[in-house]
Amino acid sequence: MAATSTPGNAGENGTGNKAGFAPLVTVVDFHHHRGPEVERWFGVPEGSDPAAEYDWTLLPFMALSDGAHASTEDFSYFTLLRPATEDSPATSLFGISCTRQLDASQLLVRPSDVTRSTVQKAVVVIADSPQFFGMLRERLSVVTSAWFAQREFSDVEILRRFQESLAEEKARGQLNEEVDRDQYLGMSLRELVREFRWQTLVLLKCCLLQPKMLFFGSRCERLCMMQFSLISLIPGLLRNLQDSAGPDLNSYEKKLSRPTSLRTSDRNSLLSYMGLPLQIFGKQLDILADFGTKSYIVGSTNSLLLQQKDRYSDILINLDENTINITSTSLRTALALSHSDRRWIDFITQEVNDTWDESNPGRPKTMGYRGSEEFIRLQFEEYLLSLISSVKYHNHLIQNAHNPRMLLPHVEGDPSTDFSNEWVEYWMKTENYRIWNLNTDSHLFDIVEPKHPCAGGLTVDDVQRRIQQQVQDLHLDERFAVGKEVLGRNLAAGRDKASTMFNKLYADMEALREAQRKRAEEAQRAEGGEKNGSAATHNGDPNKAQHAVSSVGARAGAYIGSWTSWADQKRKQGWGRSNNSNSTSTASSGGGGWGFGGGRKSRSGNTDSTGEKNGTPLSSPALSSPGFPSEKIQMSDVQLHRASEGNDKRRPVTQDSFDENILDAVNSADESGSSSPVSPRKYTALRRDSKSLDAKLDEDEHEYDNVAEAKHDAKAEEKPKTSDTT
């Protein structure tokens, strides 16, 4: 637990009674039965115990704060009240502790009272001012680490020499120099502005109203640094905290007097003349519920206070959540920022954000002045100077409301309205305002212009900036971070499932396509087999047809050849002789050869009514082509005169069956040199034989036509098969 409470003013009077106090060093141990307790002191007479003498009963608990065991090294800042003695008045002292822990098994000599697995101790430095705590923190960390590295806590020589070095520096006056080093203490102002943004100004104005402010955080050092950073924004306050440890301390106001001179070239002289620092602390927090304690700034790592925040605080600042909860209604109304206030703090916030460097938060990434620690500090100093000047002019307006000549011509209206009238009215009721107004000149507005640094009404830029800031305050990215992560995981899982489903669908389609292709190939092969069988069948038919044509041609050739053989035999035996010699046949006169004269009359003088209709002679008994496989036998060129059918049925249609023939008549005609008409009987036999020959030829022709059609169909079927093969 760390607490800070401060009264004071600016000026050289703040450190007058501190020159004789030498820094002390003490060791606080955590006993497993008794809890935190002071183990030994350095810098005091032998056998002396300042904790008992000055009633510092809370010293061990503030040195070893709650939760210190959760970290390897932790720091705590706190205040102590030193009561008045015979040679010095009561004053405030300030402590800084460094807490570390060590595994008990690593100790070279393990005391009998060490029963836990770890040993936890704190090295504490008590000084009369926190002004040099920034430098002192680094030295204390090195000394504590070296002491723990010995693994022998009975050896305290390093701690004794450390206290002696601090006392020597105090005696030489090195720790009493009035050097403005306030900015080196506390948390980085850049971090403060970046974390709290516009609420940084709310916290500063809240400090000036002196309410009960409670800071809570699980990290003790950050908790203490936050308080010191906040009060360091008030110029000169860190050097004037001598009355902050007790409710009865009032040494600052007793020694305070109104400045009578001003050196504008001297910053400290200007601040003193303007009444800075504003003394904001009243009583130290000894009993939180004490009705005599009206204001304080306190920090705690104990979460039990959060359960009674309405009782112990008017405003609660939770550093773990970076939230501000104002429980007092009147305080909430007074702390509402005006348009000018919001415009001013937004400007500083923007400068810090534009120059922010994650690797080095305390320094702008541009390495320039804008956005730096000094820039922020001077901006707040200008704001406070403008504030107190405007309030002084506000009082001047009230006092000279009926005297316009007393007003400043270049100032329009009341400039304090830009700082919020509610806040000004609330501040004028506080103790620090009373001390300030009593010890400052009434015409401070003649030194500093009474005007807000960002004076003016609401503009479009203010609205846009306010909307943008409100959107940022919603922390949408943080709130939807988990949702985005879950949504991202669901989308990834859905994408994987969809990909798997489409891959499976594609594989099924490929399998179906492959099955269809195989079935098509099988069907094609089956159809090809059927076509091959049909083609083989059709290919066999032309051969058969060719054989049939050849046989027909052979038979026709044999048939005609029989005629020729028969004719040759008859020629050798002699033409004109017949089996029945009852009547002698005579041939008509004419040339030799195979033929009949047209219009010849029979021997009886009668003309044959069934005589030749065509006078074309018979060219040859044999065909021009013996086989005639590819052409038809045409008998239209040879028209035979057939006689009516008689009693010649007994004659066979062969070469040996003819006893009488037209050739006999032709032969006899050639031999006798005269022509005689063919007998009716011979015409009848000739017509019968001719008819039989025509029937046979017609039958062969019909068979040949069938064969030709079969060949044509086979060729037509072979063409699609050739196209498919291609």
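**Entry 1: aromatic pairs**

I began with Tyr-369, which is partly exposed at a relative accessible area of 44%; here buried means under 20% relative accessible area, exposed over 50% and partly exposed in between, with a 1.4 Å probe and protein chains only. Phe-375, by contrast, is buried, with a relative accessible area of 3%.

A note on the source: this is a predicted model, in which local features need pLDDT of at least 70 and side-chain atom pairs count only at pLDDT 80 or more, while totals for chains, interfaces and linings use all residues. Residues are numbered from 1 along each chain as its sequence is written, and side-chain values use heavy atoms, with hydrogens and water left out.

For the rings I took the six-membered ring of Trp along with those of Phe and Tyr, and called two rings a pair if their centres lie within 6.5 Å, with planes under 30 degrees apart stacked, over 60 edge-to-face and the rest tilted. By this rule I find 17 aromatic pairs. One of them joins Trp-41 and Trp-56, a tilted pair with 6.3 Å from centre to centre and 40° between the planes. Trp-41 belongs to strand 3 (residues 35-42) and Trp-56 to the loop between helix 1 (50-53) and helix 2 (59-63), so that the pair links distant parts of the chain, 15 residues apart; helices (H or I, at least four residues) and strands (E, at least two) are DSSP runs, numbered from the N terminus. Both Trp-41 and Trp-56 are buried. Returning to Tyr-369 and Phe-375, I find their ring centres 5.5 Å apart and their planes at 90°, so this pair is edge-to-face. I also noted one aromatic cluster formed by Trp-344, Phe-380, Tyr-383 and Phe-419.

**Entry 2: charges over rings**

I counted a charge as sitting over a ring if NZ of Lys or CZ of Arg is within 6 Å of the ring centre and within 35 degrees of the ring normal. The charged end of Lys-392 lies over the ring of Trp-436, 4.7 Å from its centre, and that of Lys-121 lies over the ring of Phe-153, 5.3 Å from its centre.

**Entry 3: salt bridges**

With a salt bridge taken as a side-chain nitrogen of Lys or Arg within 4 Å of a carboxyl oxygen of Asp or Glu, my search of the whole structure gave 22 salt bridges.

Glu-73 and Arg-100 meet through their side chains at 3.2 Å, N to O. Because Glu-73 lies in strand 4 (residues 73-82) and Arg-100 in strand 5 (residues 91-103), the pair ties together parts that are 27 residues apart in sequence. Glu-73 is partly exposed at 28% relative accessible area, whereas Arg-100, at 18%, counts as buried.

In the salt bridge of Asp-128 with Lys-170, the closest N and O atoms are 2.9 Å apart. Asp-128 sits in the loop between strand 6 (118-127) and helix 3 (133-149) and Lys-170 in helix 4 (residues 157-172), 42 residues apart, so I recorded this as a link between distant parts of the chain. Both Asp-128 and Lys-170 are buried.

Glu-157 and Arg-160 form a salt bridge as well, with 3.3 Å between the closest N and O atoms; both lie in helix 4, three residues apart, about one turn of the helix.

**Entry 4: cysteines**

Counting as a disulfide a pair of cysteine sulfur atoms within 2.5 Å, I found zero disulfides in the structure. For Cys-220, which is in no disulfide, the nearest cysteine sulfur is that of Cys-224, 4.1 Å away. Cys-220 is buried, with a relative accessible area of 0%, and Cys-454 counts as buried at 18%.

**Entry 5: helix 5**

Which residues are buried in helix 5 (residues 189-196)? I listed Leu-189, Arg-190, Leu-192, Val-193 and Phe-196. Just after helix 5, Arg-197 takes a positive phi of about 50°.

**Entry 6: the whole chain**

The protein chain comes to 20 helices and 10 strands, and buried residues make up 42% of its 726 residues.
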